[in-house]
Amino acid sequence: MIPRKEKEWRLRHAFPTPIMIRVLIIEDDPMVAKFNAIFVERIPEFKLVGVARGIEEGWTYLNEEAVDLILLDVYMTNENGLDLLMELRRENHPVDVIVVSSANDRGSIQTALRFGAVDYLIKPFEFDRFQDALLRYKQTFQDMKKEAIQQEEVDRLFLTKGNSNKDVPKADLPLPKGITKETYIRVLREINKHSDWFSTNDLVEATGISRVSLRKYLQYLTNSDILLFDVDYQRTGRPLHQYKLTNQGYDYVVSVLKEEK
């Protein structure tokens, strides 16, 4: 029989509890705040903790609730949201900020960058751009929860698409021999659901594609710098091959899947 503690460990790791990212919206326009709230609730693993109509109300939430991410407007009635961003950084507050605003002047954008905003959305924007910002943030959030971070994951945090030494294939380039477009799209759709490391087994169960066939697709994606590759040695000593989208790989997958819609 399996000891009770080991059985509990296996159950926890077989069905991990998703980490919910707690979001505060600071926006003085009720209609914009409503739509931003709807967008947040459409994205898995994000939880809306509240909507504040100004900086003072925003501070009330921050002092009373655990908040991971603020969606911050700039131009509010008699207030500038960037003042809050600067104050948060002066106080070394750990909350992250995505600016969501109609402010498209160079000064506002430079200030947001200098004071550590993780993204900047200019109104009006499509849901796809909003979702892209939150999914990118989720990858960073999960990476930063780890005790130790690998170089590849550091690269995901600091390198832009143009910094890679490898060329990611363009969405419209022909695929190499032995890789069919239909199966390739099925694999990409499933990979796109994973914001963290996944295994070949995860894809086999979800797609029904054989392990041998999947290895060929995963090898191509890894060689193209679309996926990171790692080996995790389990408690039994058996190696588990794991994969994870690079930042530029995420951009590539999103562009391919958009063309297929």
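Biologist: What share of the protein's contacts with a separation of 6 or more comes from residues 24 or more positions apart?
Modeller: Quick caveat: this is a predicted model, where local features need pLDDT of at least 70 and side-chain atom pairs count only at pLDDT 80 or more, while totals for chains, interfaces and linings use all residues. Residues are numbered from 1 along each chain as its sequence is written, and side-chain values use heavy atoms, with hydrogens and water left out. Contact means heavy atoms within 4.5 Å. Among the protein's contacts with a separation of 6 or more, the share from residues 24 or more positions apart is 64%.

Biologist: How many helices and strands does the protein have?
Modeller: Both are DSSP runs numbered from the N terminus: helices are H or I with at least four residues, strands are E with at least two. Going by that, the count is 11 helices and 10 strands.

Biologist: And how much of the protein counts as buried?
Modeller: Buried means under 20% relative accessible area, exposed means over 50%, and partly exposed is in between (1.4 Å probe, protein chains only). Of the 261 residues, the buried part is 41%.

Biologist: What is the strand order in the open sheet of five strands?
Modeller: Two strands pair if DSSP finds at least two bridges between them. The pairing in this sheet is parallel, and the order is S2-S1-S3-S6-S7.

Biologist: Which strands stand at the edges, and why does each have a side without a neighbour?
Modeller: Each edge strand has a single partner strand, so one side is left without a neighbour in the sheet. From one strand to the next, the twist averages 20 degrees. The two at the edges are S2 (46-52) and S7 (119-122).

Biologist: Where S3 (residues 69-72) meets S6 (residues 96-101), how many bridges are there, and which residue in S6 is the bridge partner of Leu-72?
Modeller: These two strands run in the parallel sense, joined by four bridges. On the S6 side, Leu-72 has as its bridge partner Val-99.

Biologist: What angle does helix H2 make with S2?
Modeller: H2 (residues 30-42) packs on this sheet and touches S1 (21-26), S2, S3 and S6. Axes are lines fitted to C-alpha atoms, for helices over the stretch in contact, with angles from 0 to 180 degrees between N-to-C directions. Between H2 and S2, the directions make about 165 degrees.

Biologist: Which hand does the crossover from S1 to S2 have?
Modeller: A crossover is right-handed if, with the strands pointing away from the viewer, the path from the first strand over the helix to the second runs clockwise. Here the chain goes from S1 through H2 to S2, a β-α-β crossover that is right-handed.

Biologist: Why are H9 and H10 classed as they are, and what is the class?
Modeller: H9 (residues 200-207) and H10 (residues 211-223) pack at about 120 degrees with axes 10 Å apart. Angles under 35 degrees count as roughly parallel, over 145 as roughly antiparallel, 65 to 115 as roughly perpendicular and the rest as oblique. H9 and H10 are therefore oblique.

Biologist: Which residues of H10 make that contact?
Modeller: From H9 come Thr-200, Asn-201, Leu-203, Val-204 and Thr-207. On the H10 side the contact residues are Arg-211, Leu-214 and Leu-218.

Biologist: H2 also crosses H6 (residues 127-143); which hand is that crossing?
Modeller: The axes come within 10 Å and cross at roughly 55 degrees, which makes H2 oblique to H6. A crossing is left-handed if the near helix is turned anticlockwise from the far one by less than a right angle, and right-handed if clockwise. H2 passes H6 in a crossing that is right-handed.

Biologist: What is the relative accessible area of Arg-215?
Modeller: Arg-215 is found in H10. Its C-alpha atom lies 7.5 Å from that of Thr-200, 15 residues apart along the chain. Arg-215 is partly exposed, with a relative accessible area of 46%.

Biologist: In the open sheet of three strands, which are the edge strands?
Modeller: The order is S8-S10-S9 with antiparallel pairing. Each edge strand pairs on one side only, and those strands are S8 and S9.
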